[in-house]
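My plan is to look things up one at a time and jot down what I find.

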Amino acid sequence: MNSNKLMDMLENFLMPIAEKLNNNRHLTALRDGFMIALPLIIFGSIFVVLANLPFLDMLIGEEAYATYQDALGPASAATLSIMGTFVIIGIGTKLTESYGIEGIFGGVAAFASFLILTPQTVEDVSGVIPTAVLGAEGMFVGIFTAFLAAELYRFFVQKNLTIKMPAGVPDAVSRSFSALIPITLTLSAFLVIRIIFSYTPFETVQNLIYTVIQEPLTALGSGLPATIIAVLLIQLFWFFGLHGQILINSVFDPIWYALNDENLQAFQAGTELPNIVTKQFIDTFLVGMGGSGMTLAVVIGIFLIGRSRQLKELGKLGGPPGIFNVNEPIIFGLPIIMNPLALIPWLLAPVVITLTTYFAMATGLVPKPAGIIVPWTTPIGISGFMATGNAWQGAVLQFFNMAVVFLIWWPFLKILDKSYYESEKKEGNE
Amino acid sequence: MKQILLACASGMSTSLLVKKMEEEAENRGIDVKIWAVAQDKAVKELGNADVLLIGPQMRFMKKKYSKTAEEKGTPLDVIDPVAYGRVDGKAVLDHALKLIDG
């Protein structure tokens with residue numbers, strides 16, 4: 001069988017999976033909903049980093065440091081700690097939009113529905129909403145609520161259960177009226193759900209979803225086996241030239257973000273961090289080292305051992321974007337895609353790094369991710385430092401891991417370079 | 001002016017290509033506007049473009065874009081992986097111009 005036929009066969013097998021994952025309305029809304037929350041989460045994260053700068057307390061004194069932390073506190077409290085809010089509005093909006101209906105009413109309907117399901121008392125004080133449910137704890141209820149609310153809203157809109165305003169009424173006015181009945185019906189449905197639940201042993205939807213779905217799922221997702229499977233799937237998709245990260249993230253992001261948020265709350269409270277695997281574990285310690293597959297080590301390898309023109313050119317091309325974890329030139333240019341020689345280091349290195357990172361954190365050599373979301377384009381060293389809550393060990397671990405990736409790639413890169421070099425020499429002689 | 005739209009996961013790697021394509025177009029004296037967007041923005045931007053080129057790693061988006069592209073009569077295609085890896089502005093520009101001119 002020639003390689004074209006093999007490529008076609010694999011394409012025919014993998015493309016439908018990729019298309020299903022990507023074109024699934026709910027998964028897409030989930031991913032794009034998180035994207036809406038991302039700028040806010042990153043803003044909050046930067047202020048957590050600033051509020052916890054190392055040695056600052058020794059420099060300006062305990063008291064001034066406490067004042068400084070208090071002053072910066074609201075930045076993360078208003079964004080990171082209630083990230084569920086933005087995710088819910090984001091998912092509600094994007095899902096409604098996917099039906100060709102104006103999204104924002106679907107978004108706010110989703111948020112209001114979520115609040116209807118939420119217990120509005122804290123220790124017998126009524127009229128308050130605990131921020132915990134707007135963060136990690138409420139993430140899954142939020143996601144399901146957003147799905148259901150947006151579906152109900154668009155259903156009522158599509159059934160034309162709207163008030164039609166006569167011509168001549170300003171557009172904005174008629175639009176808010178057109179949303180009136182669908183929103184009323186949607187929110188009423190959730191009120192009914194809340195009332196029904198108050199008669200069950202769970203009392204609230206929160207309790208049910210938290211104990212039945214969220215806890216088991218996040219426990220599974222925080223484990224090493226599920227993480228390695230996710231990492232392998234990402235690599236495998238990429239090997240066939242499909243964006244593995246975006247495909248697998250759409251399934252794993254809710255779990256990784258929830259784990260992240262649990263850590264953040266512990267970090268801010270100064271208690272022990274519960275999770276190792278989080279969004280940051282993936283984004284900083286795997287993707288954050290040159291992009292998917294940690295190819296910054298490959299770029300360095302090219303500069304150190306590359307003799308062939310082809311690889312040298314590629315190093316120049318792929319180096320600068322690689323520093324910011326954009327590595328499509330390396331993936332398509334080496335090429336890694338469909339290259340049997342690249343398959344072994346491509347699959348092996350991320351799994352090994354997952355293990356070294358996991359054990360470095362499990363043994364306490366390196367602090368666990370503090371739940372701070374560092375943009376994935378942040379260069380190596382800086383990202384490891386920030387993600388672990390301003391710990392130099394995080395940066396050192398990244399550089400250690402990069403050396404490991406380099407060693408894994410080295411023999412394979414050498415063979416590849418040699419074959420390019422020889423064919424270039426032959427071409428030159430002819 | 002010819003309008004060329006590129007799309008990938010977050011518009012990062014395609015924007016590398018935009019720069020190279022602009023250089024090539026300037027050398028040839030062709031009046032073009034080339035820009036890169038994230039995958040969820042591509043459908044919205046499709047109306048402003050004469051052609052849409054998709055990064056090969058996002059080729060599973062093609063079907064999703066095809067409907068809108070057909071309605072608007074905008075040609076679209078997936079960028080050749082080799083040209084993508086080499087950030088070959090010349091080849092991709094040629095590809096885009098060929099699609100525009102039908």
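How many Å separate the centres of domain 1 of chain A and domain 2 of chain A? I got 32 Å, taken over C-alpha atoms. The contact between them (heavy atoms within 4.5 Å) takes 27 residues from domain 1 of chain A and 23 residues from domain 2 of chain A. For the bounds, I noted 24-220 for domain 1 and 223-429 for domain 2; such bounds come from an automatic or database domain assignment.

Ground rules, before I go on. This is a predicted model, where local features need pLDDT of at least 70 and side-chain atom pairs count only at pLDDT 80 or more, while totals for chains, interfaces and linings use all residues. Residues are numbered from 1 along each chain as its sequence is written, chains are lettered from A and ligands numbered from 1 in the order in which they are written, and side-chain values use heavy atoms, with hydrogens and water left out.

**Entry: between the two domains of chain A**

I looked up the buried area, meaning the accessible area (1.4 Å probe) that two parts lose on being put together, summed over both. Between domain 1 of chain A and domain 2 of chain A it is about 2200 Å², with carbon and sulfur atoms giving 70%. On the domain 1 side, I found that Arg31(A), Val49(A) and Thr218(A) supply 21% of the area buried against domain 2 of chain A, more than any other three residues.

Next I checked for salt bridges (a side-chain nitrogen of Lys or Arg within 4 Å of a carboxyl oxygen of Asp or Glu). Across this domain interface there are zero. I did find six residue pairs in polar contact there, both residues at pLDDT 80 or more. A polar contact is a pair of N or O atoms within 3.5 Å; within protein, one must be able to donate a hydrogen and the other to accept it, and residues adjacent in sequence count only if both atoms are side-chain atoms.

Which helices does domain 1 of chain A use to touch domain 2 of chain A? I listed α2 (25-51), α8 (139-158) and α11 (205-221) of chain A, each supplying at least two residues. The largest share, ten residues, comes from α2(A). Helices here are DSSP runs (H or I, at least four residues), as are strands (E, at least two), numbered from the N terminus. By class, I have 19 nonpolar, seven polar and one charged residue on that side of domain 1 of chain A. Nonpolar covers Ala, Val, Leu, Ile, Met, Phe, Trp, Tyr, Cys and Pro, charged covers Asp, Glu, Lys and Arg, and polar takes the others, Gly among them.

**Entry: chain A against chain B**

Here the contact takes 27 residues from chain A and 21 residues from chain B. About 2000 Å² is buried between the chains, and carbon and sulfur atoms give 62% of it.

I counted one salt bridge between the two chains: Glu19(A) with Lys63(B), at 3.0 Å, N to O. Seven residue pairs are in polar contact across the interface of chain A and chain B. On the chain A side, α1(A) gives the most, with six residues. By class, that side has 14 nonpolar, seven polar and six charged residues.

I noted that the peptide bond from Leu334(A) to Pro335(A) is cis, with omega near -15°. Pro335(A) sits in the loop between α17 and α18 (340-362) of chain A. Asp124(A) has a positive phi of about 70° although it is not a glycine, and Asp124(A) is in the loop between β1 (121-122) and β2 (125-126) of chain A. For background, most residues other than glycine have a negative phi, and most peptide bonds are trans.
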